[in-house]
Amino acid sequence: TFSAVRLLATAKPDLVVFACTSAGALRGNSYDADLCNRITEISGVPTISVIRSVQRVLGEASGNSVAVLTPYVDELNQRIQASLEDDGFNVTAMHGMGITANFDIAQVDPLAIKAFAQQCFGSEPPADSLFVSCTNFQAVTARPMLQELYGIPVVTSNHAALEVVRRVLSINSIA
């Protein structure tokens, strides 16, 4: 049901964000697009999803090859990879921490994310850009460290969503 969307619409938002990367990828890109369209119909305002935001921002990065880090288990990683590949990206590496509890994902320190990247990729990811997935992961805080370490575009779920929100609402850059 969409009763939560109806209640949300009473707050008169300017925009709705479907803010779960793995849920957006779980049933595929067309399902995610249909879901966002339905939320827009009910709420009366534009709706963006995190996975589409990631794909948009990654598409603006250099090249089309992407290495991916997640806190997820392999089953979710496969859905994230399929979603990216369905959008034309070449996923050259996919590594997950295997965390299953959502609260545990939030507890991973940004320095541990950097250390995981180094464990997986050494000094150079095999891609033009790096995507660090999950809105509950502290990846946006780890992002500057990863960009400095690797010198390639680093896209995180939260940064991509915020960037697209900024554009839709015509707000100045968030850096």
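Reader: Which strands does helix α8 lie across?
Author: This is a predicted model, to be clear. In it, α8 (residues 139–150) lies across β5 and β6. Its angle to β6 is about 170 degrees.

Reader: What order do the strands take in the open sheet?
Author: The order is β4-β3-β5-β6, four strands with parallel pairing.

Reader: And which strands stand at the edges?
Author: β4 (90–96) and β6 (154–156). Each has a single partner strand, so one side of each has no neighbour in the sheet. From one strand to the next, the twist averages 20 degrees.

Reader: How many bridges join β3 to β4?
Author: Six, and the two strands run parallel. β3 covers residues 65–70. Thr 70 stands opposite Gly 96 in β4.

Reader: Which strands does α4 touch?
Author: α4 packs on the sheet and touches β3, β5 (129–132) and β6. The direction of α4 makes about 170 degrees with that of β6.

Reader: New topic. At what angle do the axes of α4 and α5 cross?
Author: Roughly 50 degrees, and the axes come within 11 Å. α4 is residues 50–60 and α5 is residues 74–86. The two helices are therefore oblique to each other. The crossing is right-handed.

Reader: Which residues meet there, in α4 and α5?
Author: From α4, Ile 51, Val 54, Gln 55 and Leu 58. They meet Ile 80, Ser 83 and Leu 84 in α5.

Reader: How many of the residues in that contact are nonpolar, polar or charged?
Author: Five are nonpolar and two are polar.

Key
Residues numbered from 1 in each chain as written. Predicted model: local features only at pLDDT ≥ 70, side-chain atom pairs only at ≥ 80, totals over all residues. Heavy atoms only, no water. Axes fitted to C-alpha atoms, helices over the stretch in contact; angles between N-to-C directions. Parallel < 35°, antiparallel > 145°, perpendicular 65-115°, else oblique. Left-handed = near helix turned anticlockwise from the far one by under 90°. Contact = heavy atoms within 4.5 Å. Nonpolar A, V, L, I, M, F, W, Y, C, P; charged D, E, K, R; others polar. Pairing = 2+ DSSP bridges.
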